[in-house]
Structures are given as C-alpha cells and as structure tokens.
Amino acid sequence: MSSFLPESLQKVIDEFSRLPGIGPKSAQRLAMHLLHSPEMRVEGLARAIADSKKGLKFCQECFNIAESDICKICEDHQRNKRQICVVEEILDVIALERTKQLRGVYHVLHGVLSPIDGIGPDQLKMSELISRVEELIKTRINPGEVEIIIATNPSLEGETTAMYITKLLKVLGVKVTRIGRGLPAGGDLDYADEMTLTRALQGRLEYI
Ligand SMILES: [Zn+2]
C-alpha cells in the first residue's frame with residue numbers, strides 16, 4: 001500500500017489488483033499507464049467496461065454469452081446442430097472458435113465436477129445438456145448421427161467430468177468423442193495455441 005498516493009488512484013490500483021492474473025505491481029503499472037493516457041481513451045475504456053454487462057445474458061440453448069435469448073453461434077443456420085462441443089467456460093468457446101475447425105455448436109457447462117469444492121452436476125449445466133441431446137434425438141435425428149465432442153480441460157476434474165457425461169450420453173446411443181491428447185496436462189484449454197487446439201480437435205477419439 002503506497003499511502004502517499006491520492007485516494008482515487010489507489011482505488012484504481014486496488015480494483016485492478018482484484019482482476020485475475022494481475023498482481024499489485026501490474027496493477028500499479030496499469031494505473032500509471034492510464035494516468036499518462038489521453039482522457040478520451042480512458043473514458044472510452046471506462047464506458048466499455050461499464051457497458052460490458054448491460055444487455056448480456058446466457059444463451060438459452062448453449063449457455064454461451066448472448067445479446068438475445070439465443071447466441072450468434074446457435075442462431076447460425078450454417079452450423080451443424082448435430083455436433084455439440086461441450087466446454088467448461090465461455091473462454092473455451094472463444095479459444096475453439098479461433099481455430100475455425102468446428103462447424104458444430106457448443107454447450108457451456110460453466111464449470112467442472114469438483115467434489116472438493118462442492119461442485120456437483122446440479123451446479124453445472126449438466127441436465128440441460130442431457131435434455132438438449134434427448135430433444136435432438138426426439139425431433140428428427142438418428143442418435144448415431146449425433147456427435148458430442150467433450151472438450152473439458154485435460155485436468156483431473158476435466159477428465160472426471162468427461163467420464164461422467166459420457167456415461168449419461170452413451171445410453172442415448174449418440175457418438176461421444178474426447179478431444180485428443182497433445183494439450184498440456186492440467187492446463188487450461190484457453191491457454192493453448194490454435195495449432196495445438198486444432199490438432200486436439202482433429203485427433204479426437206471416440207469413447208467406447
Ligand atoms: Zn447458443
């Protein structure tokens with residue numbers, strides 16, 4: 001804590017320090033950067049931050065971020081609705097979209113199974129995934145034509161979650177695949193570069 005700093009500047013530093021991946025030193029550096037930036041730029045940034053949550057919600061279909069009830073990906077008729085890629089977080093959707101490899105749609109779980117942290121299936125968008133697949137089969141599609149790509153992180157929790165989902169989906173007769181190895185074990189999907197992610201997607205294996 002640098003007590004000689006004006007309170008307003010200290011407040012900015014404190015707020016920055018709360019952001020993920022930003023330590024106290026980076027927070028100070030960012031605050032100083034703003035101090036030297038033209039007022040217009042700073043105001044633009046403040047407005048963008050303030051507006052970022054307005055009017056945003058989760059897609060009713062896939063729980064990705066959306067401006068209306070359905071997100072842009074689910075809305076897109078070019079997307080293959082029979083291929084659903086299951087991810088932990090919205091950041092993973094962003095990472096996978098960058099690869100331009102996936103022509104299917106997503107399902108964001110908003111977390112992973114983690115008994116230690118008290119996170120069970122009910123805390124995730126798990127039952128929503130199952131009903132979504134059930135609905136898909138009910139409407140018009142042969143279960144064999146449905147592929148669920150599980151793209152949870154290659155961590156212990158990610159693998160546990162993948163196994164859990166597979167068990168539930170296999171009984172429905174759909175094809176369940178897991179993105180391939182090559183992703184750093186224990187790492188986060190959204191930290192992987194595009195080449196690694198592309199290889200992981202192409203090298204996906206079916207659960208049997
Ligand atoms: Zn959606």
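Okay, let's start at Cys 85. If you skip its neighbours within four places in sequence, Cys 85 is in contact with Leu 96, Leu 102, Gly 104, Tyr 106, Ile 149 and Ala 151. Bear in mind that this is a predicted model. The average pLDDT for the protein is 90, and 96% of the residues score at least 70.

So what is Cys 85 part of? The largest nonpolar core has 39 residues, and those touching the most other members are Cys 85, Val 86, Val 87, Ile 148 and Ala 151. Several elements give two or more residues to this core: strands E3 (80-87), E4 and E5, plus helices H5 (90-99), H6 (126-139), H7 (156-170) and H8 (194-202). Which one gives the most? That's E3, with 4 residues. As a general point, nonpolar side chains in soluble globular proteins tend to be buried together.

Now the sheet. There are 5 strands in it, the sheet is open, and the order runs E4-E3-E5-E6-E7, with mixed pairing. E4 and E7 are the edge strands, each pairing on one side only.

E5 covers residues 147-150 and E6 covers residues 175-178, and they run parallel over 4 bridges.

Stepping back to the whole chain, the domain assignment gives domain 1 (7-51) and domain 2 (71-206). Taken over C-alpha atoms, the centres of the two domains are 35 Å apart.

Most residues other than glycine have a negative phi. Phe 63 isn't a glycine, yet its phi is positive, about 70°. You'll find Phe 63 in the loop between strand E1 (57-58) and strand E2 (65-66). The other one is Lys 100, also not a glycine, with a positive phi near 55°. Lys 100 is in the loop between H5 and E4.

Are these two residues buried or exposed? Phe 63 counts as buried because it has 22 C-beta neighbours inside 10 Å, and the cut-off for that is 20 or more. Lys 100 has 9 C-beta neighbours inside 10 Å, so Lys 100 counts as exposed; there the cut-off is 12 or fewer.

Key
Residues numbered from 1 in each chain as written. Predicted model: local features only at pLDDT ≥ 70, side-chain atom pairs only at ≥ 80, totals over all residues. pLDDT = per-residue confidence, 0-100. Pairing = 2+ DSSP bridges. Domains from an automatic or database assignment. Core = buried A, V, L, I, M, F, W, Y, C linked by C-beta atoms within 7 Å. Contact = placed C-beta atoms within 7 Å.
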